[in-house]
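Take a slow look at the model below before reading on. Turn it around, and keep the sequence at hand.

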Amino acid sequence: MKFLTPGEKIFTWCNYLFLALLAAATLYPFLYVVSASLSSSNAVLSGDVVLFPKELTLQAFRQVLTEAGIWRAYGNTVFYTIAATCLQIVFTIMGAYPLSKKRFMGRTPISFFIAFTMLFNAGMIPFYLTIKELGMLNTRWALLIPFAVTTFLVILLRTNFQSIPEEMEEAAKVDGASDFQILTRIYLPVSKPALATISLFYAVGTWNSYFWAMVLIQDESKVPLQVLLRRLVVSMNPTEGMMATTDSTVLFSQETVIYATIVIAIIPVIVVYPFIQKYFTAGAMVGSVKG
């Protein structure tokens, strides 16, 4: 058993203290939002809610769940997340697999141009004009096609594919397997941790994105939930259903409704993450030391 010196003990306890403070600073906003959404309007307005709910009530959640606009936006977000993640995974695999092969002609210049986009891009206005000229403005495709690939994740998956022993591929070729069979029967099953990690990156990124949806989509029937949240939190612009409320406390209850909407928006991510967490570290680190 190794005994720690006084200096090592102080360093260890300082690390524990720092990590505890960091965890508290990270968790407190989330706990406050949950507590405020479960508290009465008067308690939130008066500042009585600090950590735990005060005057427990589900009024804010009832108001959110009966608002048709929120459910429509919620459905749009689910659609965008599922469709975009599936599309992104397919394109990422299609880009990473050939780039991981030394026999692929032009691998080096193509890899360079792909990595080049991580540092330089045309800018927001040219990007917007491109979407407009392609006729995708104010369509669901505007949030799917232009964001179908993330360069960093292509490189990450390519590195993971390169870490798989070439002997496995050679043995499969001896048995007459094609490149597609090698990809689907060897590379993808072995790369489940990496694929799960990349899927999580894509899904969470799509679920939380709002800027380009706000810019490219003007049709209220197509906007995702995050755009609605932005209006509620930043612009304080309630939906038509909230504006129609005749209760004299609408200005007070609006804040609790916003908190309730935020809680409902993050529930799917919280539910899904524990099932993918076991793949996260392995998927992010596998093959990371190989160039």
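Predicted model: local features only at pLDDT ≥ 70, side-chain atom pairs only at ≥ 80, totals over all residues.

Which residues make the nonpolar surface patch? They are L27, Y28, F30, L31, V50, L51, F52 and I270. Together they form a patch of about 740 Å². Helix α1 spans residues 6–37 and gives the patch its largest share, four residues. F52 comes from elsewhere: the loop between α2 (41–45) and α3 (59–65). Is F52 buried or exposed? Its relative accessible area is 59%. The cut-off for exposed is over 50%, so F52 counts as exposed.

Now look for aromatic rings. The whole structure has 15 aromatic pairs. One of them joins W13 and Y16. An α-helix has 3.6 residues a turn, so residues three or four places apart point the same way. W13 is exposed, and Y16 is exposed too. Elsewhere, ring pairs join F112, F113, F116 and F120 into a cluster.

Next, find helix α7, residues 151–162. It has twelve residues. From its first C-alpha to its last it reaches 17 Å, close to the 16 Å expected at 1.5 Å a residue. Why is α7 described as largely enclosed by the rest of the structure? Ten of its twelve residues are buried, so the rest of the structure largely encloses the helix. Among the buried residues are L153, V154, L156, L157 and F161. The list also includes R158, N160 and Q162.

Finally, turn to charge. Side chains of opposite charge can pair when their charged atoms come close. How many salt bridges does the structure hold? There are four.

Begin with E169 and R103. Their side chains meet in a salt bridge, with 3.0 Å from N to O. E169 lies in helix α8 (residues 166–174), while R103 lies in the loop between α4 (68–99) and α5 (107–116), so the bridge ties together parts 66 residues apart in sequence. E169 is buried, at 6% relative accessible area. R103 has 46% relative accessibility, so it counts as partly exposed.

R103 has another partner, D179. Those two side chains meet in a salt bridge of 2.9 Å, N to O. D179 lies in helix α9 (residues 179–190) and R103 in the loop between α4 and α5, so this pair ties together parts that are 76 residues apart in sequence. D179 is partly exposed, with a relative accessible area of 39%.

E169 also forms a salt bridge with K173. Here the closest N and O atoms are 3.5 Å apart. Both residues lie in helix α8, four residues apart, about one turn of the helix. K173 has 39% relative accessibility, so it counts as partly exposed.

Now put the charged residues together. Salt bridges link K101, R103, E169, K173 and D179 in a network.

How values were computed:
Residues numbered from 1 in each chain as written. Heavy atoms only, no water. Patch = residues over 30% accessible without salt bridge, like charges linked within 9 Å, V, L, I, M, F, W, Y side chains within 5 Å. Areas by Shrake-Rupley, 256 points an atom, 1.4 Å probe, with all protein chains shown as cover. Helix = DSSP H or I, 4+ residues; strand = E, 2+ residues; numbered from the N terminus. Buried < 20%, exposed > 50% of the residue type's maximum accessible area, 1.4 Å probe, protein only. Phe/Tyr/Trp six-rings, centres within 6.5 Å; stacked < 30°, edge-to-face > 60°. Expected span 1.5 Å × (residues − 1).
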